[in-house]
Amino acid sequence: MIDPDYMIQLEKFKNDFKIAQVTGEEIGVFIMHMTSYFVRYNMKYAEALQAVSFIKADFQKQLDPTTGKAMSSSKAEMLADATPEAHEYETVKIHIQNLEQIINSMKSLQKGVLLGYAHPA
């Protein structure tokens, strides 16, 4: 499995953090980069959502081969959930959740670093 681009940048940040003191400004730049990834993945999410919606609608229009009647919504949903498009949708959704967590944790780190500079020991 290939690490997503933002994970590579996160690992680099973590390694740099271990080596030297990181400033609030550096953390802010990192947050900006993660926000850029967040925006891009949100756009992918919209595209993936549309693709899954089209597939669900297509299944909904089909006849159920077992009954010969219109396919039920739940069956159409279940079949659509088993498609590569649904997998892409769920994957992009997970990336967005990951990025939200990274951004929130970096904001906390930045606040701690900035408070540390304001109140040196």
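Which side chain meets that of D16 in a salt bridge? The legends below take up this pair and its surroundings. The model is predicted, so local features need pLDDT of at least 70 and side-chain atom pairs count only at pLDDT 80 or more, while totals for chains, interfaces and linings use all residues. Residues are numbered from 1 along each chain as its sequence is written, and side-chain values use heavy atoms, with hydrogens and water left out.

View 1. The side chain of D16 meets that of K12 at 2.8 Å, N to O, a salt bridge being a side-chain nitrogen of Lys or Arg within 4 Å of a carboxyl oxygen of Asp or Glu. K12 is exposed at 52% relative accessible area, whereas D16 is partly exposed at 35% (buried is under 20%, exposed over 50%, partly exposed in between, with a 1.4 Å probe and protein chains only).

**View 2. Salt bridge of E77 and K56.** Their side chains meet at 3.2 Å, N to O, and the pair links distant parts of the chain, with E77 in helix α3 (residues 73-81) and K56 in helix α2, 21 residues apart.

**View 3. Surroundings of M34.** Not counting residues up to four places away in sequence, M34 touches Y6, Q9, L99, I102 and I103, where contact means heavy atoms within 4.5 Å.

Definitions and conventions
Helices (H or I, at least four residues) and strands (E, at least two) are DSSP runs, numbered from the N terminus.
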